[in-house]
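Reader: I'm new to this one. Can you walk me through it?
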Amino acid sequence: MRARKADRHLPACVYHKHGAYWFVKKGKWQRLADNLPDALQAYALLASPTPGTGMADLIDKALAHMAKDLAPNTLKQYRLAAKRLKDILAEFAPEQVKPKHIAAIKAELSDTPNMANRILSFLRSVFQFAVEWQIVDSNPCIGIKRHRETQRDRYITDSEFYAIRAAAKPWLVPIIDTAYLTGQRINDVLNILLSDISEDGITFKQQKTGNKLLVRMTPDIERAIEAAKATRAKSRVASLYLFAARAGKPRDYRTVRDNWESACATAGITDAHLHDLRAKSLTDTDRQGNNAQLLGGHTDRRTTQIYIRLRDTPTAEPPTLPEKKAQKTTG
């Protein structure tokens, strides 16, 4: 499309001719109004997406198709991304979204690069469906680079671990122990069923990967399980879940996270996330000579190595001072 030589103050496809303003598209001229304010109001009605054809509708439709294949935590993140994008792109139809708009969204969210990348990934998937459904001809997200994310390298030391554990509520201690001893993601730990526990160990179906894994029973894990069951018996909770607050439901992640943060504050430990328990577990597993990749459920050994290396600071041996040699005397 050639750049305008006149009327550059007017929106795309709007022209002033013969004393009136016109909307021109695909060779068809549609009269808007004689004056600019009325013309812009009429243009806004024409340019806005009709019900069922806007970005909000596309986002909802695409999310519904994705939902059945997503892990609960990923689905939760995508729903937050969908809400944010529907606000940002409220006035857009799918075919109106261009790479420059995606770049603008990326720039707008640059203060939170990790969240921005999740939103951009979700939007790319939305437009993949739009291309497949022949709503748009191409995906405007292609060619837009992700933000560079800062990788977390926090390692909870043994002394910090025991300080947090000592400050935690009695029902939280078995969760902390089980999360560390099994090396699994916290949501997988909270969703352990009593039927998942056997003499051989605890069987996990990892929500993120869908992989099935048996973590072998050890005396430490057995003690954590017994402590969890004792907490259930004391509170008289009947549930299929090992960590249950009420009948039929596992402990809520938010409640566990809030109580973890409270324990950290009481212990005077800063910048220790609940998810750092998994990092500590895999790092310690590797240090002890066991298979951290298998425990973590990573399909690629390099993922595990990067994960561990960020938290495992190499220790170098310094030299000793050289011995002073006796000076020879002449006489």
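Author: Let's start with a term. Two strands pair if DSSP finds at least two bridges between them. Strands (E, at least two residues) and helices (H or I, at least four) are DSSP runs, numbered from the N terminus.

Reader: What kind of model is it?
Author: This is a predicted model: local features need pLDDT of at least 70, side-chain atom pairs count only at pLDDT 80 or more, and totals for chains, interfaces and linings use all residues. Residues are numbered from 1 along each chain as its sequence is written, and side-chain values use heavy atoms, leaving out hydrogens and water.

Reader: Which residue in β3 is the bridge partner of Tyr21?
Author: Ala33. Strand β3 covers residues 28-33 and pairs with β2 in the antiparallel sense, over five bridges.

Reader: And the turn of that hairpin?
Author: Two residues lie between β2 and β3, and Lys26 takes a positive phi near 55°.

Reader: How many bridges join β1 to β2?
Author: Four, and the strands run antiparallel. Lys17 has Ala20 in β2 as its bridge partner. This hairpin also has two residues between its strands, with His18 in the turn at a positive phi of about 55°.

Reader: Switching to helices. At what angle do α3 and α5 cross?
Author: Roughly 85°, with the axes (lines fitted to C-alpha atoms over the stretch in contact; angles run from 0 to 180 degrees between N-to-C directions) coming within 9 Å. The two helices are therefore roughly perpendicular (65 to 115 degrees).

Reader: Which residues of α5 meet α3?
Author: Arg118, Ile119, Phe122 and Leu123. On the α3 side, they meet residues including Tyr78 and Leu85. Contact means heavy atoms within 4.5 Å.

How values were computed:
Angles under 35 degrees count as roughly parallel, over 145 as roughly antiparallel, 65 to 115 as roughly perpendicular and the rest as oblique.
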